[in-house]
Amino acid sequence: MKIDRLIGILSVLLQEEKTTAPELAKRFEVSKRTINRDIEDLCKAGIPICTAQGAGGGISIMDGYRMDRTILTSKDMQMILAGLRSLDSVSGSKYYVQLMEKIQAGSSEFITGRDCILIDLSSWYRDSLAPKIETIQDAIGDRHLIRFRYYAPSGESERTVEPYYLIFQWSNWYLWGWCRKRKDFRLFKLNRMDKVRETDKIFECRNVSVPDLSNKKIFPGEIKVKALFEADQKWRLVEEFGSKCFTEQDDGRLLFTADYTDMDNLIAWIMTFGDKAEVLEPIETREKIAYMVQKMTTIYK
């Protein structure tokens with residue numbers, strides 16, 4: 001992808017005193033003409049690049065702009081590599097690590113010791129997620145609209161979206177973009193998106209900031225929950241809500257209190273505990289669970 005190559009070229013120029021178009025073309029596996037266009041694009045972006053013809057000539061960045069490589073320590077480079085490997089775990093390829101290897105050529109002194117952090121962002125859905133992520137990445141870079149079918153609790157619909165950010169949060173992948181149907185920014189879960197395709201229609205980029213995805217913003221917690229759990233479910237409560245979400249009762253059960261956003265999700269979560277949990281509040285939740293249990297009893301009796 002062009003944006004990755006531009007970042008790679010800039011990194012090489014920041015680390016090396018001078019290089020040439022043929023060397024860059026070989027390193028990034030493209031033609032010399034492509035490299036010349038990339039250098040021109042970097043210049044248009046405000047990077048002070050100097051080119052000199054003839055013997056001893058080459059491509060370099062103006063003195064005073066180059067970053068001292070000693071700013072990056074071995075630990076810094078290990079963190080960068082860990083992040084790049086995590087991106088490869090999503091795509092199932094070695095693209096980002098290969099890119100980093102090209103960037104760090106001649107800088108092996110920064111990569112010492114053994115890895116201590118391994119991040120794997122892959123999931124059971126990697127085979128279906130990877131093509132979506134690649135399509136959305138290309139569309140973001142090209143400023144092209146994307147279209148897809150979206151499956152939401154309210155039903156199915158066709159969406160046309162201006163894509164701005166791919167986000168990994170809450171153990172899932174999301175797209176943040178301007179929905180032409182809703183006339184507003186929306187967060188779309190990639191697992192609910194089907195037939196994702198990049199169009200050839202260019203959109204004018206909006207003045208969009210990084211979305212606020214804090215728990216308080218996305219999950220306002222309007223439902224006050226109080227429930228009792230059996231003691232052997234402590235590990236689940238600690239894993240999902242932390243060790244301060246409950247107090248131990250005299251009979252050994254755990255009094256759980258928390259704020260929840262969605263009633264249906266709350267009921268679905270409580271039901272996964274079977275007879276190991278009893279909702280005390282809100283009363284509406286108790287009534288809905290009782291009704292569901294009655295229907296299930298009719299089905300399975």
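Residues are numbered from 1 along each chain as its sequence is written. In this predicted model, local features need pLDDT of at least 70 and side-chain atom pairs count only at pLDDT 80 or more, while totals for chains, interfaces and linings use all residues; side-chain values use heavy atoms, with hydrogens and water left out.

Helices (H or I, at least four residues) and strands (E, at least two) are DSSP runs, numbered from the N terminus, and two strands are said to pair if DSSP finds at least two bridges between them. Strand S3 (residues 144–152) pairs with strand S4 (residues 155–169) in the antiparallel sense over seven bridges, with Arg149 standing opposite Glu158 in S4, and the two strands form a hairpin with two residues between them. S4 is in turn joined by eight bridges to strand S5 (residues 172–179), again in an antiparallel arrangement, and here Val161 stands opposite Cys179 in S5. The hairpin of S4 and S5 also has two residues between its strands, and in it Trp170 takes a positive phi near 55°.

An open sheet is formed by four strands in the order S9-S10-S8-S11, with antiparallel pairing. Its edge strands, each of which pairs on one side only, are strand S9 (246–248) and strand S11 (277–281), and the twist from one strand to the next averages 25°. S9 and strand S10 (residues 254–260) run antiparallel and are joined by three bridges, the bridge partner of Glu248 being Leu254 in S10.

For the angles given here, axes are lines fitted to C-alpha atoms, for helices over the stretch in contact, and angles run from 0 to 180 degrees between N-to-C directions; contact means heavy atoms within 4.5 Å. Helix H8 (residues 234–241) lies across strand S8 (223–229), S9 and S10, and runs at about 25° to S10. H9 packs on the sheet as well, where it touches S8, S10 and S11, and its direction makes about 5° with that of S8.

The axes of helix H9 (residues 263–271) and helix H10 (residues 283–300) come within 11 Å and cross at roughly 60°, which makes H9 oblique to H10 (angles under 35 degrees count as roughly parallel, over 145 as roughly antiparallel, 65 to 115 as roughly perpendicular and the rest as oblique). In this contact, Met263, Leu266, Ile267, Ile270 and Met271 in H9 meet Glu284, Thr285, Lys288, Ile289, Met292 and Met296 in H10.
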